[in-house]
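Let's take a walk through this model, one piece at a time. Have the viewer open and follow along.

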Amino acid sequence: NYIEKEFALDKQKNFLTKNIRDVVENTIKNKEKGAKISKTRLYTNLLSSQPLAFNVFAELSIDKKLATRFFSQQFPNKIKEITKIMFEHSDGRGNLEYTGDHSAFDVFAEYETLNGKSGFIGIEVKYSESLNDTPSSHKAKYEELANNSQLFKEGSLSFLKKKPIQQIWRDHLLSLAHLNHQNKKYDEGFFLYLYPESNKECQDGVTKYIQQFNSFSDATNTHNESLTGFYLKDLKNFMLDLYQISQAGWAKNLILRYFGDMKRNKK
């Protein structure tokens, strides 16, 4: 699943279009302090979620009108206009006013709401990852954010601290920290976990995670997304929706490259 390094860096074949290549290069050139961007992994690894994130969202970061149409369809009655899309972004890496760690969103979209307020979508993109990495060191700030949110069941902390859901929890907490930060930069915001339903490890992880919410229903096996600010979408269907709206050749190539056919999943 790797492209030979010298060829990969020269020809940049891990990215679908010139626009995407330009966004990747610009992101690397102007990366945020502490951003974890491995150029070798980005250019050579065909199965990594990091280049996939650029392949999905880089064209949208250039074409804000298309981005607005697409995200408005995905999240109805929320978005008037997408104003900015960034990669490997966090307002507070290492800052205890946020989560105190160096986590960041794979993609971060800022938007204007229908009533003129400011909002954001923090996006985590998964593809072939297993979620079986050793959990990061636990921080008291995680518990503070979780308790203040009042979103989680009593006694859930022992589950949230462990794999496979600690990473999901930390990313969700980062979105809550951005939303509730004292600078009041955003009036609203939410977190999107984007993954292929065929990735059973990710499916197992999110299933276990949403069971920790107070709003989780055993009867429907779902939670209240608008209440928790934690949204789930199947990656393939997300791409198919993007192609349906854009009718762009790169969007079709995106689906064929990562999934091999144009069939919609039932999810």
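Predicted model: local features only at pLDDT ≥ 70, side-chain atom pairs only at ≥ 80, totals over all residues.

Residues are numbered from 1 along each chain as its sequence is written, and side-chain values use heavy atoms, with hydrogens and water left out.

Start at helix 2, residues 18-29; helices (H or I, at least four residues) and strands (E, at least two) are DSSP runs, numbered from the N terminus. Its 12 residues reach 16 Å from first C-alpha to last, close to the 16 Å expected at 1.5 Å a residue (that is, 1.5 Å times one less than the number of residues). Ile20, Val23, Val24 and Thr27 are its buried residues, buried being under 20% relative accessible area and exposed over 50%, with partly exposed in between (1.4 Å probe, protein chains only). Viewed down the axis of helix 2, these buried residues fall within an arc of 100°, so they line one face; the arc is that of the directions from the helix axis to the C-beta atoms. Lys18 and Lys29 are exposed on the other side of helix 2.

Now the largest nonpolar core: it has 48 residues, a core being a set of buried Ala, Val, Leu, Ile, Met, Phe, Trp, Tyr and Cys residues joined through side-chain atoms within 4.5 Å. Helix 4 gives the most to this core, 7 residues.

Finally, Ser246 sits in helix 11 (residues 235-246).
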